[in-house]
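I opened my notebook to go through this model piece by piece. My plan was to look up one feature at a time and write down what I found.

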Amino acid sequence: MAALTAGLMLAPVQAAPAPAPAAAVSARHPNIVILLADDWGFSDVGSFGAEFATPNIDALAQAGMRFSNFHVAGSCSPTRAMLQTGVMNHRNGLGNMPETIPDAHRGQPGYDTVMNHRVVTIGELFGAAGYNTYLTGKWHLGSDATRLPEARGYNRAFSLADAGADNFEQRPIEGMYDTAAWTENGQPATLPKNFYSSTFVVEKMIDYIDADRASGKPFLASINFLANHIPVQAPDSDIARYAALYKDGWTKLREARAKRAAALGIMPAGAPMVTMATTPDWTKQGAEERAAAVRVMQAYAGMATAMDREIGRLVAHLKATGQYENTIFVFLSDNGAEPTNPFSSTRNRLFLNMQYDTSTANIGRRGSFAAIGPGWASAAASPLSGYKFSAAEGGLRVPLIIAWPGHPEIRAGAINGGLAHVTDILPTLAELAGVPEHGGSWNGKAVEPVTGRSLVPMLGGAAGSVHGDDPLGYELSGNAALFRGDYKLVRNLPPTGDGKWRLYDLKSDPGETKDLAVAIPDRFQAMMADYRAYAKANGVLDMPAGYTADAQINTYAWEQQGKKRAIKAGLWLGGGIAAIVALVWAWRRRKRARV
């Protein structure tokens with residue numbers, strides 16, 4: 001089990017002895033399946049409180065353990081890099097993402113915007129131990145030849161280098177990227193005509209697993225879904241399944257989910273809950289706005305159910321091939337629900353309406369572009385406060401399920417409320433599988449040491465958290481937090497916060513409704529000191545004045561695509577005007593000649 005220094009405050013990397021060569025693994029070693037959902041909120045799984053159907057994920061929850069106090073980053077790439085390496089995001093290169101980093105931070109230590117080469121991935125670690133390693137779906141950790149999955153430890157990989165893409169065709173998110181950057185084993189790849197993202201990434205993974213079955217080696221399979229990232233899209237039949245739901249709006253849904261989460265034992269009964277300032281009043285929405293909102297949430301539910309069905313297909317295949325009971329499953333989301341409304345600005349709205357069929361009847365279908373926005377995102381996060389990008393619990397706390405069916409080391413059907421972190425996944429899987437960690441040295445070179453802690457004691461039923469009372473820091477885009485025991489120190493910048501530090505007791509108040517900074521000043525000051533030490537040790541930079549992630553994304557889109565398209569449109573418009581002028585001039589000339 002890897003040890004953490006207090007507060008995850010890493011010392012400069014020093015060379016450590018390389019681990020002894022691992023004994024050759026065999027089929028007796030467990031297979032590993034990582035199921036990474038995109039932008040699923042805390043209660044977006046049936047066994048965490050959702051009203052839509054996720055029976056296959058729920059079956060894994062009953063076969064394993066649910067973690068109700070598990071934390072990731074507020075955006076996808078930092079979480080993905082921490083999951084891959086067990087190293088905090090400012091140490092693995094993802095101090096920020098390409099789409100959200102301010103220009104002043106580019107190139108600074110820890111702000112590579114890609115996973116750096118000073119870390120060892122889980123693919124590299126398990127591959128060196130004799131595993132076959134595979135990855136399908138979203139990568140978003142670097143797109144050059146040295147940073148794609150096959151260069152970072154994966155034997156076979158079909159991956160998307162971007163933050164997202166269309167779910168029905170090989171099309172980028174218009175306005176963000178030139179192309180949908182899918183590759184297979186490092187080469188540009190073409191998607192099949194009958195492509196649907198969740199179906200494809202599972203089918204491709206099954207193909208990879210079956211292709212190497214004769215090797216007798218166990219496998220590490222990382223399946224990275226596009227669901228439910230923008231654009232929200234689902235098969236028609238899955239959308240139709242929810243035709244009777246969501247007509248009462250997001251506030252009613254948020255309340256219903258909070259009750260279900262408490263009844264399931266995921267949340268404490270009667271935990272207080274806030275109404276976020278960014279949540280619109282459902283009763284004041286016009287008829288057309290409500291119709292569109294209902295439809296997009298139906299599509300969101302359908303997208304989740306479609307993904308769950310594909311997970312069921314993978315599980316059924318592993319059962320049919322006798323591999324299910326010797327497979328460890330890990331299900332999680334990369335961050336909380338996405339609150340961004342892409343249609344909030346006039347420029348975006350005009351552009352998207354030209355690129356997609358945005359009619360209400362087409363929401364969620366092929367050729368559509370839709371997002372659930374802050375109203376439904378508040379329900380997806382229920383009963384927590386905040387969502388993706390923020391450091392509030394709704395942005396950082398997501399569902400985690402770890403299952404090893406039939407294995408006595410994991411308590412089946414149990415719920416653990418102890419603090420857990422995404423960096424803990426790698427050391428947990430390494431311990432369960434008997435794979436040695438690298439100890440800070442890899443191929444004769446010093447690398448960043450694993451900073452997570454193995455969750456094996458918690459999986460076995462140990463009370464509390466493996467982090468004990470040690471501080472655990474976090475920062476992304478100026479939104480920051482520090483966890484210590486049951487307490488959380490947190491700051492959110494505008495527009496989700498006011499930049500003020502607050503203190504919460506997450507055990508009794510997971511919804512972050514009562515600031516204890518004044519009531520418990522000694523703890524507040526001690527945790528402030530812990531955060532400053534974490535920030536200094538990890539090279540955290542202050543954000544420029546006026547920075548917001550939303551504005552930076554819009555700037556990125558304009559620089560990457562908008563400016564080029566505007567120039568092109570201007571040239572076409574100018575050419576058209578010139579042609580009209582020329583025609584008018586020629587017509588008048590001929591008219592004068594006839595006179």
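**Helix 8**

I started with helix 8, residues 287–320, which has 34 residues. From its first C-alpha to its last it reaches 49 Å, close to the 50 Å expected at 1.5 Å a residue. I kept in mind that this is a predicted model. I then looked at what follows helix 8 and found G322, whose phi is positive, near 75 degrees.

**The second largest pocket**

Next I looked up the second largest pocket, with a volume of about 650 Å³. Its lining has 26 residues, and the closest to its centre are E289, A292, N341, F343 and A371. Which elements give two or more residues to this lining? I found helix 8, helix 9 (346–355) and helix 10 (373–380). Helix 8 gives the largest share, six residues. By class I noted 15 nonpolar, seven polar and four charged residues in the lining of this pocket.

**A buried glutamate**

I looked for E174 and found it in the loop between strand 5 (156–160) and strand 6 (182–184). Is E174 buried or exposed? E174 has a relative accessible area of 13%, so it is buried, as the cut-off is under 20%. I also checked E174 against Q355: they are 181 residues apart in sequence, but 7.3 Å apart in space, C-alpha to C-alpha.

**Cavities**

Last, I searched the whole structure for cavities of 30 Å³ or more and got two. Helix 2 gives the most, three residues. I counted five nonpolar, two polar and two charged residues around the largest cavity.

The second largest cavity also has a volume of about 40 Å³. Among its lining residues are D39, Y300, E338 and A371. This lining divides into five nonpolar, one polar and two charged residues.

How values were computed
Residues are numbered from 1 along each chain as its sequence is written. This is a predicted model: local features need pLDDT of at least 70, side-chain atom pairs count only at pLDDT 80 or more; totals for chains, interfaces and linings use all residues. Side-chain values use heavy atoms; hydrogens and water are left out. Helices (H or I, at least four residues) and strands (E, at least two) are DSSP runs, numbered from the N terminus. The expected span of a helix is 1.5 Å times one less than its number of residues. Buried means under 20% relative accessible area, exposed over 50%, partly exposed in between (1.4 Å probe, protein chains only). On a 1 Å grid over the protein atoms alone, a cavity is a set of points where a 1.4 Å probe fits but cannot get out, and a pocket is an open set with protein on both sides within 12 Å along at least five of seven lines; lining residues have an atom within 4 Å of a point. Grid points are joined across faces, edges and corners, and a volume is the space filled by probe spheres set on the points. Ala, Val, Leu, Ile, Met, Phe, Trp, Tyr, Cys and Pro count as nonpolar, Asp, Glu, Lys and Arg as charged, and the others, Gly among them, as polar.
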